[in-house]
Amino acid sequence: MASMKSYWLKYKELITRNCTDELVADTSLTYWQNRLFAASVIYLIPYSLLSVVPGIYMAYVNDLKGLIFVDFVAMVSVLSIAFFPKINVFTRKLVFNGALYIISVALLLYLGLQGPGLLYLLAITIFVILSLDKKYGYFTLALNCITCIGIGVILHYEWIDFGIFSQYALDSWIAVSVNLIFLSAVAVILIPILFHGLQSTIIQENNLRAEIESQQGQLKESISLLNSKNEELERFAYTISHDLKEPLRMISSFMQLLEKKYGPKLDKKAHQYIHFAVDGAHRMSNSIDELMEYSRVGRLYNEYEPVDVNMVISEIIRSIKADVDNSEAKITYSTMPTLNVVPVTFKMLIQNLLTNALKYQSDEQTPVIEIDAKELDTHWQFLIKDNGIGISKEHQEDIFEIFRRLHSREKYQGTGMGLAISKKIVEQHGGEIWVDSEEGKGSIFYFTLKK
């Protein structure tokens, strides 16, 4: 059984190789026409061999020597195009279709309407269109017309006393042959329309594939360029964190040493200048740290994990306990979900918004902060509500820009990076952030995170 299967596979492989063209792209219509032709040859040969012996025997018994000769020639032709090498595919198709057409005409002549001749003529017309081209379909239609008209003329003038010509009258032949010609014409007209649509679809698919491959190439180039820029950014970040912060530490340290050693000899103005220099160095160092955090969002911090938001909020509250106790703030939050987020940046987001809610308060007021979340169709929406100083309408979009501050550092400390970092974190999670606020009446910060 295994050897029979092996022989069958080798047989199919040989005929497929002979009856198809390797140079034809597998996305073209010609490729599929060739595959159809090869499959037809593959399965026609064994079926023909099974029927050839009884067919020849019956033809011999009924003294149909011409039919025996045609069957023999057709079988030799089919075997030749199947197994002989170095014959182009187009020639194989012509020989194959020609052999089948001759058999169909022979069956028509010898067996008449009781035989499959007319049906075979229609079938071969369709197969010519499928395996070759519509112009050959018109040629086959013309042959059908000539054959039917020729037989009709012979019937009318009674020129030959042979087979079909003595079986029925002219009117019955016209009725049957007109149907053959009509169906052949329908096939010749409609099948190419179907093929044209298929060819257009294949062309569009090929164009789309080419465009996608081009875009993928451009994307790879962009990714390569982005990776290169990221490496440059890494080196730049190292320069900022090390080479720039080191001089700042030296300035701060030496200014403090100067104040410690020569303090009694310096006047009030000198002490004030030293304070400005040390404070400026600290603020510059903090700004560099905040800028570094901004650059790390989405670049270094990008691993998503399931995070219990309740635990994150409770950890943040514990970390800012001193500020909460000093301001006697009241912080409440509802039961929170567990979300798939980047843990480091998500905690940074909540902490930034919560510390801002504590920071931007009037002196005579006890901070009241509420945290809530609700589930939407595609996102989770969070809000952090406070009763602080509020934000004017014209500045509610500006506050999310880098280093954007609305108040002096003397009144409210900070670098102006917190909300810019928060916005970048929210966008990293496929969401949006905005604020609804009124001066003197507090603020509500909303943000969404994609599920």
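In this predicted model, the buried residues of helix α6 are G137, T140, L141, N144, T147, C148, I151, G152, I154 and L155. Helix α6 covers residues 134-157, which is 24 residues. From its first C-alpha to its last α6 reaches 35 Å, close to the 34 Å expected at 1.5 Å a residue. An α-helix has 3.6 residues a turn, so residues three or four places apart point the same way. Just after α6, E158 takes a positive phi of about 55°.

One of the buried residues of α6 is T140. The relative accessible area of T140 is 5%, and a residue counts as buried under 20%. Leaving aside residues up to four places away in sequence, T140 touches Y101, T125 and V128. Two of these names return in the packing of α4 against α5: Y101 belongs to the α4 side of that contact and V128 to the α5 side.

**Helix pairs**

Helix α4 takes part in two helix pairs described here, one with α3 and one with α5. The table sets out their geometry.

| Pair | Axes come within | Crossing angle |
|---|---|---|
| α3 (residues 65-83) and α4 | 9 Å | roughly 165° |
| α4 (residues 89-111) and α5 (residues 117-131) | 8 Å | roughly 165° |

An angle over 145 degrees counts as roughly antiparallel. With axes crossing at roughly 165°, α3 and α4 are therefore roughly antiparallel to each other. The crossing of α3 and α4 is left-handed. On the α3 side, the contact is made by G66, L67, V70, D71, A74, S77, V78, S80, I81 and A82. Helix α4 contributes R92, V95, F96, A99, I102, I103, A106, L107 and Y110. Sorted by class, the residues of the α3 and α4 contact are 14 nonpolar, three polar and two charged.

The second pair is likewise set by its angle: α4 and α5 cross at roughly 165° and are therefore roughly antiparallel to each other. Their crossing is left-handed. In α4, the residues K93, F96, N97, L100, Y101, S104, V105, L107 and L108 meet α5. The α5 residues that they meet are G117, L118, Y120, L121, I124, F127, V128 and S131. The residues of this contact of α4 with α5 divide into 12 nonpolar, four polar and one charged.

**Loop residues with positive phi**

K86 lies in the loop between α3 and α4. Phi of K86 is near 60°, a positive value in a residue other than glycine. K86 is exposed, with a relative accessible area of 87%.

E328 is found in the loop between α10 (321-327) and β2 (330-333). Its phi is near 55°, again positive in a residue other than glycine. With a relative accessible area of 58%, E328 is exposed; the cut-off for exposed is over 50%.

**The whole protein**

The protein has 12 helices and seven strands. Of its 451 residues, 36% are buried. Among contacts between residues at least 6 apart in sequence, 69% join residues at least 24 apart.

Definitions and conventions
Residues are numbered from 1 along each chain as its sequence is written. This is a predicted model: local features need pLDDT of at least 70, side-chain atom pairs count only at pLDDT 80 or more; totals for chains, interfaces and linings use all residues. Side-chain values use heavy atoms; hydrogens and water are left out. Axes are lines fitted to C-alpha atoms, for helices over the stretch in contact, and angles run from 0 to 180 degrees between N-to-C directions. Helices (H or I, at least four residues) and strands (E, at least two) are DSSP runs, numbered from the N terminus. Angles under 35 degrees count as roughly parallel, over 145 as roughly antiparallel, 65 to 115 as roughly perpendicular and the rest as oblique. A crossing is left-handed if the near helix is turned anticlockwise from the far one by less than a right angle, and right-handed if clockwise. Contact means heavy atoms within 4.5 Å. Ala, Val, Leu, Ile, Met, Phe, Trp, Tyr, Cys and Pro count as nonpolar, Asp, Glu, Lys and Arg as charged, and the others, Gly among them, as polar. The expected span of a helix is 1.5 Å times one less than its number of residues. Buried means under 20% relative accessible area, exposed over 50%, partly exposed in between (1.4 Å probe, protein chains only).
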